[in-house]
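Please keep the model open as you read.

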Amino acid sequence: MTEALRALGVLAEPPCSEHAAIAAALELPPPPSADEHMAVLGFQLPPYASIYLGAEGMLGGEARDRIAGFWRALGGQPPREPDHLSVLCAALAELAGADPRIRTARAALYWEHVASWMPPYLAALRRIGSPFHAAWAATLDAVFAAEAEVIGPPSALPLALRAVAAPEGPPADLDALLGAVLAPVRIGMVITRDDLARCAAVLGFGLRAGERRFALRSLLGQDAGEVLGWLAGEARRQADAHGGGSMIPRWWQARGRAGADWLDGLARAAAGSPAIAG
Amino acid sequence: MRDPKQLDARVSAARQAVEARGETFYPGASRIHLAAFPPRERWDDWVEVDARTPERRERRYMLVPTTCFNCESACGLLAYVDRERLEVRKLEGNPEHPGSRGRNCAKGPATLNQVTDPDRILTPLKRVGERGEGRWAQVSWDEALDDIAARIRRAITEGRGNEVMYHVGRPGEDGYTERVLAAWGIDGHNSHTNICSSGGRAGYHYWMGFDRPSPDYGNADVIVLVSAHLESGHYFNPHAQRIVEARQRGAKLIVLDVRLSNTASQADHWIAPQPGSEAAIFLAIAHHLIATGRHDRGFVERWWNWQEYMAVALGRPGASFAEFEAELAALWSHYTFEFAAREAGVDAEALRAIADVIAGAGTRLASHVWRSAAAGNLGGWQVSRTLFLLNALLGAVACEGGTYPNGWNKFVPRPIHTPPHPPRWNELTWPVEYPLAMNELSFLLPHLVGDGRGALEVYFTRVYNPVWTNPDGFSWIEMLTDPDKVRLHVALTPTWNETAQYADYVLPMGVGSERHDLHSYETHDAQWLGFRQPVLRAARARLGAAVADTRQANPGEVWEENELWIELSWRIDPDGALGIRRHFESRERPGEKLGVDEYYRHIFERAVPGLPARAAAEGLAPLDYMRRYGVFEVRRGIGPVHAEAVPAAELDDAVTDALGRVYTRAPKPAPDNIVPVPTPDGDAEGRRRAGIAVDGRVVRGFPTPSGRLELWSRTLAEWGWPEHALPTYIESHVHPRALAADQLVLIPTFRLPVQVHTRSGNAKWLDEIAHTNPLWIHPRDAARIGVETGGLVRVETEIGYFVVKAWVTEGIRPGVVACSHHMGRWKLAGAERGQGQVMATVALDRDAGPDGVRWTMRRRQGVGPYASSDPDTRRIWWSDVGVHQNLTFPVHPDPISGMHCWHQAVRVRRAEPGDRHADIFVDTEKSRAAYRSWLARTRPAHQVSPDGTRRPYWLLRPLKPAREVYALPGLLPRTP
């Protein structure tokens with residue numbers, strides 16, 4: 001599956017004229033314009049593993065270092081953007097071969113650093129993306145499934161998923177709450193800008209334009225109980241969407257349900273004091 | 001959705017179809033970060049949005065590659081030529097270049113500044129009035145060339161060929177100009193190398209034959225630098241990027257630098273030794289490796305010339321390796337860490353720690369010294385010799401992660417014409433006192449001419465500025481202003497410089513994007529060939545407009561040297577009677593003038609293995625391929641050439657001597673790579689050297705007299721220096737024992753990261769970043785002298801003094817001061833022309849008295865805003881351009897390598913009340929005395945030559961004359 005993987009990975013990069021031929025070869029719709037690409041993969045769902053696997057829900061940090069360490073363990077030099085989906089797909093393609101050590105490395109790369117964040121990421125892409133992105137996500141899903149069949153099941157849950165605990169108890173402050181809600185690996189769901197817009201629309205609240213933390217802070221300031229309740233429902237919806245399959249989607253499902261329960265508790269507690277001062 | 005396996009096959013087929021057309025299917029993962037490059041199939045018509053207009057405005061470019069000309073690294077550049085206006089709009093890295101890999105330092109993109117420099121020289125100029133008066137008249141190229149050619153012709157026909165001299169600073173090419181001079185039949189090549197790298201070269205040359213290292217940094221586990229490579233070293237960019245990659249992999253970096261340079265700040269181990277003590281440190285480490293048994297015994301036994309050492313030096317022929325090892329164990333036993341620590345003024349344990357790091361490198365030790373300590377000290381060549389000893393002990397030679405001989409990592413193709421070696425020896429460049437000098441004694445020229453050893457009919461300075469770059473510049477001014485000593489001085493230069501002010505003709509030459517050259521350098525274990533080209537000429541050709549003369553495409557009447565030399569040679573020998581013209585004739589059109597298109601077409605079609613096939617695969621002719629991509633990787637993964645078996649066909653009537661050298665009567669196959677290689681002699685019966693016997697096989701070995709790595713140099717021993725034939729420690733002329741109690745050591749050799757001698761002064765971006773050179777001084781010394789940062793100090797040398805601002809910093813060791821000699825540019829008051837961004841205006845006062853000439857330079861005006869065609873010159877905010885300290889340095893030629901030993905013993909004190917920043921005073925009679933004093937250290941060839949020749953024939957020489965002129969006049973060659 002090396003060629004298809006590499007081609008799909010390239011389409012995570014900013015569009016250029018070569019992408020048309022690649023998309024056609026993959027039987028995908030015409031690739032998006034630069035603006036569409038930026039809207040989806042630049043602002044909403046940056047294709048970096050560290051954002052979805054890191055406890056901070058941000059680019060870089062320990063999650064990225066862990067992936068860089070994979071390259072060092074192989075005796076190589078980490079790429080500049082080691083956790084970018086394009087780089088990871090290219091790496092999987094590079095690690096094709098019959099040598100048992102290569103096979104082991106490929107399996108480790110796939111399960112630890114790719115498959116570990118694909119369930120919520122691809123689901124979010126289907127949810128908010130353009131027709132191209134939805135089709136791209138579906139094809140990625142299918143190719144990864146085929147890849148998993150070749151590689152064989154993982155021997156253990158990926159470290160990134162084991163390393164980060166779900167939130168428990170009341171958050172220390174609003175910043176702690178925002179940090180937990182916006183870190184997919186902690187809360188078990190992916191909240192995009194579009195999701196927050198949907199939340200505001202459903203609840204009839206005003207959405208302040210800005211990055212997610214700013215917008216969510218503003219929403220919580222309007223009626224924390226309502227917003228936390230919506231988030232709990234969203235976490236449950238996203239969790240329920242993960243099918244059975246391997247231990248990784250099951251983990252995301254369980255983490256999402258735990259996140260939903262935690263948010264429900266916070267929503268109930270907030271019901272008496274609807275506004276949270278930011 | 002299609003089955004993933006089918007999808008995979010479908011994509012694969014699509015990719016193959018696209019790549020079969022020579023196009024890019026995958027634009028590459030690099031596009032997600034800033035290292036993105038335009039795909040090469042779109043280089044004909046590349047669209048970018050103009051960053052300088054508020055509205056979206058697309059600009060269409062033709063991307064034309066060339067090679068940077070601002071240092072010797074030969075990094076690839078990509079010129080963005082505006083398709084509408086046919087102007088270069090910017091220069092970025094060439095991603096196709098295997099050495100620089102699309103990455104450049106600041107000097108590469110700043111080539112654009114050099115193109116658009118409002119002060120650049122655009123037409124040929126002829127002096128009006130006296131030399132140095134600063135008045136010029138525009139002349140035609142024809143007028144200038146006819147005058148110059150007539151003088152050269154007369155000198156040659158009158159047997160005064162050695163009065164024609166070409167003095168080069170930055171060659172930027174591999175052998176073209178040497179062949180021009182050979183075609184003229186003169187020994188007229190004069191390089192700047194003895195003020196630059198001869199010390200470093202000599203130490204490598206005596207070990208492995210080749211005179212420069214090619215460290216495989218990218219694969220090294222331990223890197224040792226005696227310099228500031230990461231910021232400003234000789235191969236700054238290609239080497240620095242590989243050092244950074246190695247460090248990211250976990251490699252350890254050891255830096256010896258008396259300054260806390262940016263490079264030192266990145267080191268895992270930084271040693272700031274007393275200047276000149278470096279060899280003592282390396283010998284202590286070498287002894288540690290031997291004493292602890294961590295050297296590679298097998299490598300030493302196979303590849304060192306230990307048998308020759310035992311047999312000839314110690315008189316023990318037939319000695320076993322075990323006996324040698326006993327000698328080896330004792331050889332440097334007195335170089336303990338404690339001894340080295342005393343010499344270096346550092347902690348012995350710190351030295352032991354780096355010794356253990358080096359020991360752990362095994363064969364992955366990459367090391368380098370080029371200028372720095374090797375260029376600063378008497379005996380500095382032993383710094384490179386003792387540093388490479390560490391590689392030789394560990395077997396870290398010509399292997400992955402080790403250090404290669406440069407000649408194996410460089411490619412020089414055979415040109416269309418190869419004239420014979422000139423039948424002359426020039427005493428002005430290769431004086432008899434320096435038989436082992438690595439390069440021409442260029443910086444002694446005023447003194448040698450002053451001694452009456454010769455005069456110059458035509459003296460070319462080409463991209464060279466000896467008045468400013470060399471030590472003792474006032475002696476140069478005295479020579480250049482004396483019409484009996486220099487009858488015609490022609491400055492070939494893209495930009496104004498101090499020396500050109502004293503020229504008779506100033507002829508404008510192109511910068512890196514305006515000229516042709518072939519250029520190859522050792523950047524890693526591969527061989528590549530870079531093509532420099534006038535990008536506007538190439539762009540026009542792509543659009544179908546043939547250009548036969550580079551002047552038609554360059555700004556003004558700016559030319560390039562390749563075409564200039566062809567034209568000049570035809571004018572020297574218009575009818576071919578002198579036998580010169582034939583070397584500049586077309587082969588495609590016999591009897592007609594050779595053009596540069598044919599010159600390079602011939603090379604690319606016939607002399608670069610693999611290039612025609614690669615070009616054909618893209619449907620291109622080889623010349624078109626090089627014009628399109630600018631570079632070709634000939635080979636990669638060269639590996640240990642010394643261990644390659646010599647084919648049986650090359651072993652006709654082979655004999656092996658007692659030292660294992662194998663000689664053959666088989667003719668030497670013509671190599672495709674004509675990179676300069678030393679030429680050890682054959683045997684007494686006329687056989688040539690084919691290789692050496694190792695483990696029962698005949699292998700190539702090294703191009704040294706013994707065929708092996710030379711622990712002991714028979715050449716040094718037989719040519720008068722037996723005490724230095726082994727790697728050893730020579731006390732520097734600035735050793736503490738040589739200093740008076742109130743003297744400090746001045747280090748002038750380091751670069752400012754973006755500036756390189758005169759070359760970069762016409763780049764406004766670089767000038768804005770770096771334009772001055774304060775004196776680094778330790779707080780302890782500053783307190784003693786009573787000066788603070790910004791305060792003026794007088795730095796007194798042997799022949800005068802300069803006044804400079806102090807920079808008080810703990811980034812330098814006490815007892816040492818440092819001032820970069822890449823600053824301090826000036827132009828004469830009253831001169832019509834000059835570079836306005838970085839040249840201060842000065843007044844020179846010459847006071848000739850009965851006891852000599854005293855010179856004073858005083859700054860009239862620093863730089864400042866001025867009106868020009870470039871609005872940026874109105875925005876110049878700096879005025880200080882530093883101090884020209886080199887004027888105050890006497891010549892210090894190392895008696896063996898010939899290297900100018902740059903470091904100075906100085907007295908530093910607070911400036912006098914009347915002193916002003918950048919004041920200079922020099923007594924050139926003291927310069928003469930210093931010259932004579934260092935000359936007295938030499939052991940001239942007529943006293944020490946073992947065979948009646950001027951110089952060991954096997955040693956490299958930039959322009960090698962015919963063998964018969966090696967014989968010393970009046971001496972019969974002795975039978976070896």
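Two strands count as paired here if DSSP finds at least two bridges between them. With that in hand, turn to chain B of this predicted model, where three strands form an open sheet in the order 18-19-20, with antiparallel pairing. Strand 18 (517-519) and strand 20 (631-636) of chain B each have a single partner strand and stand at the edges, so one side of each is left without a neighbour in the sheet. From one strand to the next, the twist averages 15°. Strands of a sheet pair through backbone hydrogen bonds, either parallel or antiparallel. Here, strand 19 (residues 526-532) of chain B pairs with strand 20 of chain B in the antiparallel sense over five bridges.

Next, have a look at helix 19 of chain B, which covers residues 535-542. Which of its residues are buried? They are Val535(B), Leu536(B), Arg537(B), Ala538(B) and Ala539(B), and an arginine is listed there along with valine, leucine and alanines. What do these buried residues pack against? Their partners in chain B are strand 2 (58-67), strand 3 (76-82), strand 4 (87-93) and helix 23 (622-629). Just after helix 19 of chain B, Gly544(B) takes a positive phi of about 95°.

How far can you trust what you see in chain B? Its pLDDT averages 94, and 98% of the residues score at least 70. Residues 972-976 of chain B call for some care, as the pLDDT there is below 50. Beyond near neighbours in sequence, this stretch has nine contacts in the model. For the model, the scores are ipTM 0.90 and pTM 0.84.

Finally, move over to chain A, which has 16 helices and zero strands. Its radius of gyration is 19 Å, close to the 19 Å that the globule rule gives for 278 residues, so chain A is as compact as a globular protein of that length. Taken along the principal axes, the C-alpha atoms of chain A fill a box of roughly 60 × 40 × 35 Å. Of the 278 residues in chain A, 48% are buried.

Notes:
Residues numbered from 1 in each chain as written. Chains lettered and ligands numbered in written order. Predicted model: local features only at pLDDT ≥ 70, side-chain atom pairs only at ≥ 80, totals over all residues. Helix = DSSP H or I, 4+ residues; strand = E, 2+ residues; numbered from the N terminus. Rg over C-alpha atoms; globule rule 2.2 N^0.38 Å. Buried ≥ 20, exposed ≤ 12 C-beta atoms within 10 Å, placed from the backbone. Axes fitted to C-alpha atoms, helices over the stretch in contact; angles between N-to-C directions. pLDDT = per-residue confidence, 0-100. Contact = placed C-beta atoms within 7 Å.
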